[in-house]
Amino acid sequence: MRVVRRMAAVVGVAGLLAAVPAQARAASPKFSETTAIGTHNAYDKAKYTYFAQALDSGASLLELDVYTDSLSRRWRVSHGNPFGDDNNCEAAKTPAELYGKSRNQDLGGCLDDIAAWHRLHPDHRPIVFKVEMKNGFNNNVGLGPDEFDTLVRQKLGDMVYRPADLLGGTYTSADAAAKADAWPARDALRGKVLFELIPGTVEQANPFDHYWTDEEYGDHLRDLYAAGNLAAAQAFPAVLGAEAGDPRSGRYDASIRPWFVFFDGDAAAYVDKGYDTSFYSGNHYILITTDAAGVSPAISSTNPTDAEVAARLSLLAAHHASVITSDWSAKSAAVLGSTVPRG
């Protein structure tokens, strides 16, 4: 009897989390019109034994930390080791190789896992892969934006929803397309993945690095568009850090500001400081709010109750978030896979 009641409770909460009026379900909301849940540092073996389990989790955003290793000229996936891989990726070439191969692979190996998992779940939810470039790109050794794009394209092909797809041959910048709400419906993005790039903690702390990931990839998008080759770009650069107003205006040259439609900052900063986040939803920008557990009143950052997650998702949806993230890897797919209408 206890098992039955527990299952009923979980189903009830999952229903609350995913509840959308029947009329809204009939016409799938756009990607820009929903709020979903993501997992911080999903490559961490303490969170998931295998990266495929992170993909199974139901989360709509999974984070990878990447170092450019100038010695080996490889893309390392690790939290703190720039010269070695420390992660749950297996470099699975087929679905049968998931959940059992040797881990600690480079970024290409993580992308292999995504491709193999996709073959098992071709109709999966749209997933954002947030890539923190810990020490930035290193174009001088062949680890720059072009090489990143080539690697993603070789591994994932047409699975990737790109900036060129947002423009659709109609708009002249990502900003123009977002303001026109050219984002597709979530259902139209089934089987698709998106890449968000942010500058990393090592890069930001380096006093000799004045060309961070966000600016470098913004320049990359501008130049590809000018050359008529925007289709080569595989990622969206994000403006990192919560600010009042339009954070692009004080940071970037006017020529690249229109290429930023992803924004990424601390949830508590947006909410507790009273920033007007309607700017993001009003322009149909994608707003990632991190450390969702830290918004007052704080809840567990690892294993809150299902009801607490539902309440936090609702709260941040009302504050116009597109994705909320935390370390909630212990939660069920019914919880991590929930979406609600964006405020």
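Arg248 is buried, at 5% relative accessible area (buried means under 20%, exposed over 50%, partly exposed in between; 1.4 Å probe, protein chains only). This is a predicted model, where local features need pLDDT of at least 70, side-chain atom pairs count only at pLDDT 80 or more, and totals for chains, interfaces and linings use all residues. Residues are numbered from 1 along each chain as its sequence is written, and side-chain values use heavy atoms, without hydrogens or water.

Arg248 sits in the loop between β6 (236-240) and β7 (262-266). Its side chain makes a polar contact of 2.9 Å with that of Asp246 (N or O atoms within 3.5 Å, one able to donate a hydrogen and the other to accept it; residues adjacent in sequence count only if both atoms are side-chain atoms). Beyond four places in sequence, Arg248 is in contact (heavy atoms within 4.5 Å) with Asp175, Val239, Arg257, Phe260, Phe263, Phe279 and Tyr285.

Now the helix, α12.

| Item | Value |
|---|---|
| α12 residues | 306-318 |
| α12 number of residues | 13 |
| α12 reach, first C-alpha to last | 18 Å |
| α12 expected at 1.5 Å a residue | 18 Å |

Helices are DSSP runs (H or I) of at least four residues, strands (E) of at least two. The expected span is 1.5 Å times one less than the number of residues. Buried in α12 are Asp306, Val309, Ala310, Arg312, Leu313, Leu316 and Ala317. They lie on the same side of α12, because their arc around the axis is only 165 degrees. His320 follows α12, with a positive phi near 75 degrees.

Conventions. The arc is that of the directions from the helix axis to the C-beta atoms.
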